[in-house]
Number of protein chains: 6
Amino acid sequence: MRIHVINPNSTASMTAQIGRAATRAASAGTTIDLVTATGTPSSIEGYADEALAVPPMLAAIRAAEARGAMAHVIACFDDPGLSAAREVAATPVIGICQAALQVAVTLSSRFSIVTTLPRSVPIIEDLADAYGAGRRCRRVRAIDLPVLALEEDMDRSHALIAAEIHAARREEGAEAVVLGCAGMAELCERLTQETGVPVIDGVTAAVRQAEALIGMGYRTSKLGSYAWPNHKAGGFAPEAA
Amino acid sequence: MRIHVINPNSTASMTAQIGRAATRAASAGTTIDLVTATGTPSSIEGYADEALAVPPMLAAIRAAEARGAMAHVIACFDDPGLSAAREVAATPVIGICQAALQVAVTLSSRFSIVTTLPRSVPIIEDLADAYGAGRRCRRVRAIDLPVLALEEDMDRSHALIAAEIHAARREEGAEAVVLGCAGMAELCERLTQETGVPVIDGVTAAVRQAEALIGMGYRTSKLGSYAWPNHKAGGFAPEAA
Amino acid sequence: MRIHVINPNSTASMTAQIGRAATRAASAGTTIDLVTATGTPSSIEGYADEALAVPPMLAAIRAAEARGAMAHVIACFDDPGLSAAREVAATPVIGICQAALQVAVTLSSRFSIVTTLPRSVPIIEDLADAYGAGRRCRRVRAIDLPVLALEEDMDRSHALIAAEIHAARREEGAEAVVLGCAGMAELCERLTQETGVPVIDGVTAAVRQAEALIGMGYRTSKLGSYAWPNHKAGGFAPEAA
Amino acid sequence: MRIHVINPNSTASMTAQIGRAATRAASAGTTIDLVTATGTPSSIEGYADEALAVPPMLAAIRAAEARGAMAHVIACFDDPGLSAAREVAATPVIGICQAALQVAVTLSSRFSIVTTLPRSVPIIEDLADAYGAGRRCRRVRAIDLPVLALEEDMDRSHALIAAEIHAARREEGAEAVVLGCAGMAELCERLTQETGVPVIDGVTAAVRQAEALIGMGYRTSKLGSYAWPNHKAGGFAPEAA
Amino acid sequence: MRIHVINPNSTASMTAQIGRAATRAASAGTTIDLVTATGTPSSIEGYADEALAVPPMLAAIRAAEARGAMAHVIACFDDPGLSAAREVAATPVIGICQAALQVAVTLSSRFSIVTTLPRSVPIIEDLADAYGAGRRCRRVRAIDLPVLALEEDMDRSHALIAAEIHAARREEGAEAVVLGCAGMAELCERLTQETGVPVIDGVTAAVRQAEALIGMGYRTSKLGSYAWPNHKAGGFAPEAA
Amino acid sequence: MRIHVINPNSTASMTAQIGRAATRAASAGTTIDLVTATGTPSSIEGYADEALAVPPMLAAIRAAEARGAMAHVIACFDDPGLSAAREVAATPVIGICQAALQVAVTLSSRFSIVTTLPRSVPIIEDLADAYGAGRRCRRVRAIDLPVLALEEDMDRSHALIAAEIHAARREEGAEAVVLGCAGMAELCERLTQETGVPVIDGVTAAVRQAEALIGMGYRTSKLGSYAWPNHKAGGFAPEAA
């Protein structure tokens, strides 16, 4: 199985971290086709960063599909361009937020999310609503650290996230916590062990879900919302090569 | 990986069909521990049938866990006893309705469900609401055939379901269809091919999701809703052996 | 009028307390047919306890119907098996949570609920959502005392509940409070008097609602969701004797 | 028990019909204090009619409270002025729409409503939403007859309503039907018998609920939303005499 | 353009303040037809005050329409009688709450509302829900000052509101704040400047929206909900002169 | 007042049509700064087209802001990039869908939307949900004509839209209809006259709303969701020149 994992921002060190998490998650026999988007912002913090990241990411998805990708993972917790990506791909496209939330509702009845910057809180709240998490998503919390600062001092990042996990357990009765940034993936296991709270990482969840969907032979429905783009000047070719 | 697949009703021929679908879905290296519940109704059509099926099913889950099950699949589309099962198991428990809907929202933006009897329509509508499908679940349709009649004449069943799939496509713009009964699992592939609409079967989806969760090492959160039952007369032992 | 009040757990002292509340609530001319379920957990704290309690409770409902019950009250605040009970009974079945919430929204615009254990909080939140309380249910609070400990020291229980009522008034502006456990029924009047907040007990509410429905001559609709169970091996007989 | 039943419109023949339904619904020992509002529109069809009806109705509620009313029933299906009435009364105030819907969700899982004019459909839809009926209220239907034409030819009214009940059963699977106008109350029993669908009348439901609330000794919460009006020029006196 | 601005309460000094805000908001060429309702409560604090204010307000709207009003602004934040007013007017009717919320969701993604008395909090919460603000309305806060006390000491009022704005920013991340009382209109600009938070006043918003709707030539739809009242004794004339 | 109206697709004839509608909508003294995005798809039909259109559109917004734009109108009914645009602009940004829906809920209580292609139906349904239209948006209808075919034969387009408006009136009781494509703007008046149903065009609504917001002196909140982009490689400059 060949899974395309795309980091929509242009920071290679973050891609590397995502790649390590994806590789650890992958089953034997799975190949991770790891890509850093080019010409996109160095991190995705807000709507404009997302908007700039999406067109190169869609091109990368087309290219990966041509290389034989059997599923795609968008490794940014805002799930930027997820619906658009489903339009331009024949194979399943998975957002790490949607995948993580699907795991969270299977393992727990009430969970919280811990992200980086406060400006991402409403974005993720709206995503959780759109994905139907409803009351099950108790709260979205922020450690108030920019995305790229996460990997500067992993111990500090760990401490900040752990503090929010403990607060989520104590204040809102969270039964599990979802990490709200792809750049937190490598901290997942240690956080689970040290806090005693099940911590869920979207990169891992998405890679596993990709394997599951490939194994089932499912492809994106081309009847309606995710139909191939219509042919037009300036648009994507209606069908992948 | 060892996955416990339990048919909560007591009809062995239906278990056999579920087993064939589960086995086809499973990856190499996965063992399906297939069980028919005993002392439960011969089919599950409505709330009372569900209620009678759950206690034996929970006992079967405990027994399977003792035999080394690493995840459990409840192979009935009403997801009977799903929350209770999560309380009595350390490992993940997956309902085929919840699993199928998670696949449906990944592959499409609008889908319908086709089930057996009209009396199951409100039950499944409420499940879809509880799982957050919202507007994405366009409609729950019924072919008006009892569960056990499904396998009496598979060609007739196929024809009835196919007619509803075409109607779902035409009338409510369904982009995918979920089969709303475990007894329909074997028809899935043929229906997809003949209707041209992606058709999703919950047994397949749940087995694959079980493998994914086992692979990630996740277990049911024991902090809150799904904590072990409290010790008491007449209750389950607080923790599995 | 003959009203069947069933305590789904197997603790006779709790049944006795429920019986005192039911009797106090009943009008002249009403007979309370008070029953303790047999073979069920000694208290209902979580989903698995509920699941184990329901089949014996359904059998008790059938038996009571044969004895001439004109309505049934399920005296556990989780409303376990409420839909199933409606399937197996011709006469109305009332859950004390649903009945209490119907009173709460008639007397106030914003209310809170006080229950026993924290693990019951999400269960009751989901019930309140399912019953459409929405924003009117401000919060579900727990005193963190097991159900059976309630009656060990009624003064302590009273103090703990009163403290939560005051907090609900102060912190979330609750205009009324619903007692979230059948075992709290006898404290209702004293709590209202001492806190100055209208306190609503579900046993009382359900008995009165039962009288109202009997008086109107209404019976459970057998057209659809609550139709008699279909005839099958291992299921309930399709219709009560 | 003394229950004040107020017809907010000024048509005495309609009050008489409401009175007959209320009297039939009342238990032995209950006195119906039946009042026609004065100076209000002759029927309530839309928002402006409601607005004009409410101030005289509130005055009538105050007057009835002074005469010893222990509960109030607003006998118009739009529940006009329900929240305001709760402010000016110490005793419970019941709207026939809210009461009927509480009965409907107890007896069925999916119901429809049949009202008079199409212009009332969105009004009642919004009420059902506000009361949390959600998906349980399948549809609001109109027979397209003005309120006062209902009693001109009761056989025709019966036939029109029966036709909608049959359509509700057939088209949206309604398991029960609520009559969406106080002027339909007397047709309730005959409609149930002839259609085989449980038909619910709000006047009956409200009178019985009033008895239940009086019996429990509950009063409207004066802590918050329904607190006595503040003292001011042009307003109601803060507390009833 | 001639815009009718009606203060539904009978306090002339408050009308004067509303008039100053309306005049400041109006474009050159716009005439503000400023009216104090007569025979209504001196302030609107709760449901009963609203109910008493509406009929005179509707009469004022009819009168203003006859004088040539091209749109109407109801200058009370509870939007009393808004739907009824739309029935009796041919031209657009704007509630200051609905108008302010439309501005708030255009300028921000999360906002809070600051009103006068705690008893208005649930009223405004329900309005915000009905208008679809959903999660975007973070919280409704109260300064616990009666409406008429607002103008007694404008500096104190300013200080109390400013404190709530700062709290809304700090505690719930409000990105903008809506003033939840027409009597706060004149404080809007100073509050924005001193708190650094965009503060939105409904009177200003409504006057500007009225100009926009007049400019577009839109009128209230008379097809359905807001159709002219039906002709009847005690009702409004079906159509304005 | 200077209002920047941007057509996010690259078809100049469509921009011209939008410009004519915008100019007709504008008050005396308003300058329309009309721009066609460059390097974007020739029409926007689906998520991928949207994604490709947004980055050039954001650049155009920055450029227009530098030229003195006091507000921006995104003239595509999917409101592509609306949140991102609010991040990169100091002045208000208005989407024609959001603006049209705000007008629709002011003039009516139930409305429908008529768009071009069926694939846009779920997109617009989700927008209407996100904007809180809820039950007020009865249905989204499609005439099944590509965006660019609209202007090929305006009489045919008119006929197709008129047929859907009549159907919306008849089948779902729509009280008003919103045109779900910027390319329909010029048909608005004629459709209103010929169908008798109020028809709302988003371009007109947005231009008028822009004037209103400019007149009030409001600017986009920079506290939270729509804060300036953070400084980073590949991102927008944190603040406009």
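This is a predicted model: local features need pLDDT of at least 70, side-chain atom pairs count only at pLDDT 80 or more; totals for chains, interfaces and linings use all residues.

Me: Which residues touch the most other members of the largest nonpolar core?
Reply: They are A:Leu101, A:Phe111, B:Leu101 and B:Phe111, in a core of 180 residues.

Me: What does A:Phe111 touch, leaving out residues up to four places away in sequence?
Reply: Its contacts include A:Leu101, A:Ala104, A:Val105 and A:Ala133. Among the others are A:Arg136, A:Cys137, A:Arg138 and A:Arg139, as well as A:Ala174 and A:Val178.

Me: How many residues does the second, separate core have?
Reply: That core has 179 residues, including C:Phe111, C:Tyr218, D:Ala133 and D:Val147.

Me: Turning to charges, how many salt bridges are there over all chains?
Reply: The count is 114.

Me: Which residue does C:Asp33 pair with?
Reply: C:Asp33 forms a salt bridge with C:Arg67, and the closest N and O atoms are 2.8 Å apart. The pair links distant parts of chain C, 34 residues apart: C:Asp33 belongs to strand E2 (residues 31-36), whereas C:Arg67 is in the loop between helix H2 (47-66) and strand E3 (71-74).

Me: Is C:Asp33 buried or exposed?
Reply: C:Asp33 is buried, because its relative accessible area of 8% falls under the 20% limit. C:Arg67, at 40% relative accessibility, counts as partly exposed.

Me: What about C:Arg135; which residue is its salt-bridge partner?
Reply: The partner is E:Asp129, with 2.7 Å between the closest N and O atoms.

Me: Why does that pair join two chains?
Reply: C:Arg135 lies in chain C, in the loop between helix H5 (120-130) and strand E6 (137-142), and E:Asp129 lies in helix H5 (residues 120-130) of chain E, so the bridge joins two chains. C:Arg135 is partly exposed, with a relative accessible area of 30%, and E:Asp129 is also partly exposed, at 35%.

Me: And C:Glu164 with C:Arg141: where do they sit?
Reply: C:Glu164 is in helix H6 (residues 154-172) of chain C and C:Arg141 is in strand E6 of chain C, 23 residues apart. Their side chains meet in a salt bridge at 2.8 Å, N to O. Both C:Glu164 and C:Arg141 are buried.

Me: Which residues are joined into one network by salt bridges that share partners?
Reply: The network consists of A:Arg110, A:Arg135 and A:Arg138 together with C:Glu125, C:Asp126 and C:Asp129.

Me: A change of topic: how many residues of chain A and chain B are in contact?
Reply: There are 43 residues of chain A in contact with 43 of chain B. The area buried between the two chains is about 3200 Å², and carbon and sulfur atoms give 56% of that area.

Me: How many salt bridges cross the interface of chain A and chain B?
Reply: The rule finds 0 there.

Me: Now the strands. What is the order of the open sheet in chain B?
Reply: Its 4 strands follow the order E6-E5-E7-E8, with parallel pairing. Strand E6 (137-142) and strand E8 (199-200) are the edge strands, each pairing on one side only.

Me: How many bridges join E5 and E6 in chain B?
Reply: The two are joined by 5 bridges, and B:Phe111 stands opposite B:Cys137 in E6(B).

Me: What do E5(D), helix H5 and E6(D) make?
Reply: They make a right-handed β-α-β unit. Strand E5 (residues 111-115) and strand E6 (residues 137-142) of chain D pair in the parallel sense over 5 bridges, with D:Phe111 opposite D:Cys137.

How values were computed
Residues are numbered from 1 along each chain as its sequence is written. Chains are lettered from A and ligands numbered from 1 in the order in which they are written. Side-chain values use heavy atoms; hydrogens and water are left out. A nonpolar core is a set of buried Ala, Val, Leu, Ile, Met, Phe, Trp, Tyr and Cys residues joined through side-chain atoms within 4.5 Å. Buried means under 20% relative accessible area, exposed over 50%, partly exposed in between (1.4 Å probe, protein chains only). Contact means heavy atoms within 4.5 Å. A salt bridge is a side-chain nitrogen of Lys or Arg within 4 Å of a carboxyl oxygen of Asp or Glu. Two strands pair if DSSP finds at least two bridges between them. A crossover is right-handed if, with the strands pointing away from the viewer, the path from the first strand over the helix to the second runs clockwise. Buried area is the accessible area (1.4 Å probe) that two parts lose on being put together, summed over both.
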